[in-house]
Amino acid sequence: MNIHNAQITVSAVKPTQYPKTGVPEFAFVGRSNVGKSSLINKILNRKSLARVSASPGKTITINFYDIDETIFLVDLPGYGYAKRSQDEVRSWGDMIESYLSARPQLKQIFLLVDSRHAPTKDDIMMLEWIRTVRPDEPVVVIATKLDKLKTSEIEPNLNLIYEKLELNEDDILVPFSTKDDEGKATVWDMINMLLA
Ligand SMILES: Nc1nc2c(ncn2[C@@H]2O[C@H](COP(=O)(O)OP(=O)(O)OP(=O)(O)O)[C@@H](O)[C@H]2O)c(=O)[nH]1
Ligand SMILES: [Mg+2]
């Protein structure tokens, strides 16, 4: 995709605020600090369209990025951030789940996990939840921060993710890094394929 114009359209906290245009959407979910906002910037070649932070919990609304009025990339708040109250965690869970489960134009949910670590309990729960709401689709997992691994760690770490998340041969695991172009073309290929 040749991007001319990428801009944030809506920061939403409830369904009535979601865009009403109906163009296809692609959502990025995952643990807080895993690199969702960074990935969106990277694939759009933008430095700071999506707000990024070294401390977790940066994105607190559902942010819709309008790409040439053709698609929306959707940046979701992360889960698993310890410094949140029970009430916050619950209302965020509701907010994320109500978007992900009731959005006909949502073409794909991309689940991001940190390539350095084994998937957390929350990652596993999120993946299981994705499978229940989208039972007939392959799952797409993106392993972020690949640049932080030594070459010798890449294969074992990816295998561990594959195993812990119980991925099968139809599912897709994409290694990704913002420090180089690892994974960027694959993410675009998948978006374009789903649009075709
Ligand atoms: N080295 C490296 N750092 C990364 C990469 N992706 C993200 N980061 C860093 O990880 C931190 C968190 O990135 P964000 O993009 O804000 O993460 P997020 O998932 O949007 O976090 P929340 O909004 O809190 O849910 C930032 O310091 C980023 O610079 C990567 O591929 N490589
Ligand atoms: Mg973010």
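Visitor: What is the order of the strands in the open sheet of 7 strands?
Guide: This is a predicted model, and what I say here is computed from it. The pairing in the open sheet is mixed, and its neighbouring strands are turned by 25 degrees against each other on average, direction ignored. At the edges, where a strand pairs on one side only, stand β1 (6-12) and β7 (172-175). Read across, the order is β1-β3-β4-β2-β5-β6-β7.

Visitor: Which residue of β3 is the bridge partner of Val10?
Guide: β1 is an edge strand, and 6 bridges join it to β3 (residues 62-67), the two running antiparallel. Within that pairing, the partner of Val10 is Phe64.

Visitor: Which residue of β5 stands opposite Val29?
Guide: β2 pairs in the parallel sense with β4 (residues 71-75) over 4 bridges, and there Phe28 has Asp75 as its bridge partner. β2 is also joined to β5, again running parallel, by 6 bridges. In β5, the residue opposite Val29 is Leu111.

Visitor: At about what angle does helix α3 run to β5?
Guide: Helix α3 (residues 121-133) lies across two strands, β2 (25-30) and β5 (106-114). Its direction relative to β5 is given by an angle of about 165 degrees.

Visitor: How many residues does the largest nonpolar core have?
Guide: Nonpolar side chains tend to be buried together in soluble globular proteins. Among the residues with the most contacts inside the core are Ala27, Phe28, Phe110 and Leu111, and β5 gives the most to it, with 5 residues. Leaving aside neighbours within four places in sequence, Phe110 is in contact with Phe26, Ala27, Phe28, Val140 and Ile142. The total number of residues in this core is 41.

Visitor: Which helix gives the most residues to the shell around ligand 1?
Guide: The ligand is surrounded by 24 residues, of which the closest are Gly35, Ser37, Ser38, Thr59 and Gly78. By type, the shell divides into 5 nonpolar, 13 polar and 6 charged residues. The helix that gives the most to it, with 3 residues, covers residues 36-43 and is α1.

Visitor: Is Asn45, with its positive phi, buried or exposed?
Guide: Asn45 is not a glycine, yet its phi is about 55 degrees, and its place is in the loop between α1 and β3. Because Asn45 has 10 other C-beta atoms within 10 Å, it is exposed.

Visitor: How many other C-beta atoms lie within 10 Å of Asp68?
Guide: Asp68 is found in the loop between β3 and β4, and its phi, near 50 degrees, is a positive value in a residue other than glycine. Asp68 is partly exposed, and the number of other C-beta atoms within 10 Å is 13.

How values were computed:
Residues numbered from 1 in each chain as written. Chains lettered and ligands numbered in written order. Predicted model: local features only at pLDDT ≥ 70, side-chain atom pairs only at ≥ 80, totals over all residues. Pairing = 2+ DSSP bridges. Axes fitted to C-alpha atoms, helices over the stretch in contact; angles between N-to-C directions. Contact = placed C-beta atoms within 7 Å. Near = placed C-beta within 6 Å. Nonpolar A, V, L, I, M, F, W, Y, C, P; charged D, E, K, R; others polar. Core = buried A, V, L, I, M, F, W, Y, C linked by C-beta atoms within 7 Å. Buried ≥ 20, exposed ≤ 12 C-beta atoms within 10 Å, placed from the backbone.
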